[in-house]
Amino acid sequence: MKISFYGGAGMVTGSNFLLESETKKFIVDCGLFQGLGENTTQANSKLFAYDPSMVDVVLVTHAHMDHIGRIPKLVKDGFVGVIYSTKETRELAELMLNDSVGLMDKDAKLHNLVPIYDESHVRATLGLWKGVEYHQSVDIGDGVSALFKDAGHVLGSSMIELTHKDKKMVFSGDLGSSPSILLRDTEALDKPDYLVIESTYGASNHEPKEKRLEDLRVIINDTFMRKGALIIPAFSLERTQEILYDLNELVESSEVKQIPVFLDSPLAIKITEIYKHGTKHFNDTVKSRISKGDNILEFPKLKLTLWSGESHKIADTPNPKIIIAGGGMSTGGRILFHEQIYLPDPNNTLLIVGYQAVGSLGRAIEEGAKELTIHGEEVPVRAKISKIKSYSGHKDMDEILSFVEPSAEHLKKTFLVHGEMKQALFLAQRLKDYLGVSATVPKIGDSFEIDF
Ligand SMILES: [Zn+2]
């Protein structure tokens, strides 16, 4: 077979891999390019390097937009095959894709382009999309079967294990950092011959995850003492639910005072509902809390503000208070309104809990900008800017090495993807030096013949 890399190669976003047998074409993930500055929209609008109408099956690892965001475009451009993912990924993808339609529209107008897809393409996409259970083997044609294994990254996330005759190939998708706050940890690899693995943090290690709760407690109590507002730009999928879970623990153990907490993101509110029904995929610690009667994502004074009218009224609630709003990198969404209101006051705190891409407003805040332009208005930044680094959704360098190690001798070839070049190349060297694994960092457009 032949494998080609058309996105997520030499960069974190845009995941898109094509696997071709003699008679079939399989795609793994078809995500949006993000954070490429002015080139982002162009990159997403470009024609695919292959003919979508000739693709038989699309396999989806998880519901983040950099893994699913171009699937409706694939459908718009002629794909009529079958899309497979776990059931939870399908459910979450429906929310994510519908939510993105408005953004696509806005972005296209800004660049004088046609939106890369619209509602009708999202509807058509969902019509082709089948949700399966973890570990339910799916025959995808030409003697290849696919198995979705737990990746521990976001609800529904999976590694995809393909089997063809006596050979195995695994696409890791994004791999969760252990221990996962809510989910089960990543499953072990079962000695694949070929591995396509993420390398987002291929050259660095995280702070211990346990530290995050103590950091959050200190920041909330500090906000309380200063009678300020704590603003948290949060990603709607997984990070928001992790923060709600931590707030639940801090509030219910009286480690912090009960103050109003607003979850101000329609997408995050809807995703949180899906999490409430997905508890069978949570880890044992979380499950045992639930079985003792704890509503882990609900606590006193938490208010969900679905409608924009409710969102505008948050300003009327006196401080201290906490506002969690999308989006995570302050590139759009309701967070901008709150930043406009609260950043000028030194008693307030903005808390960064996720990666801020180069060029995003969040990155400017992280790097200490003293003035920002939001909605055309000059906004001075006098609020305290805090950061908790230990919320991470990805395995770090050491975690990836221990994940690969038991399969090292069996691996014929490993491809490192979903990472900036520097991170991926560093990890490739480590894999070679420490584990003797043959690791390659493909570039966009690269193809390799493999014995699979
Ligand atoms: Zn992801």
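Modeller: Let's start with the buried residues of α14, which are Gln423, Ala424, Leu427, Ala428 and Leu431. Mind that the model is predicted: local features need pLDDT of at least 70, side-chain atom pairs count only at pLDDT 80 or more, and totals for chains, interfaces and linings use all residues. Numbering runs from 1 along each chain as its sequence is written.

Colleague: What makes a residue buried or exposed?
Modeller: Buried needs 20 or more other C-beta atoms within 10 Å of its own, exposed means 12 or fewer, and partly exposed is in between, with C-beta atoms placed from the backbone.

Colleague: What covers the buried residues of α14?
Modeller: The cover includes α13 (397-404), β20 (413-417) and β21 (439-440).

Colleague: Why are α7 and α8 called roughly perpendicular?
Modeller: Their axes cross at roughly 70° and come within 9 Å. Angles of 65 to 115 degrees count as roughly perpendicular, so that is what α7 and α8 are.

Colleague: Which residues meet there?
Modeller: Thr240, Gln241 and Leu244 in α7 meet Ala268, Thr272 and Tyr275 in α8, where contact means C-beta atoms, placed from the backbone, within 7 Å.

How values were computed. Helices (H or I, at least four residues) and strands (E, at least two) are DSSP runs, numbered from the N terminus. Two residues are in contact if their C-beta atoms, placed from the backbone, lie within 7 Å. Axes are lines fitted to C-alpha atoms, for helices over the stretch in contact, and angles run from 0 to 180 degrees between N-to-C directions. Angles under 35 degrees count as roughly parallel, over 145 as roughly antiparallel, 65 to 115 as roughly perpendicular and the rest as oblique.
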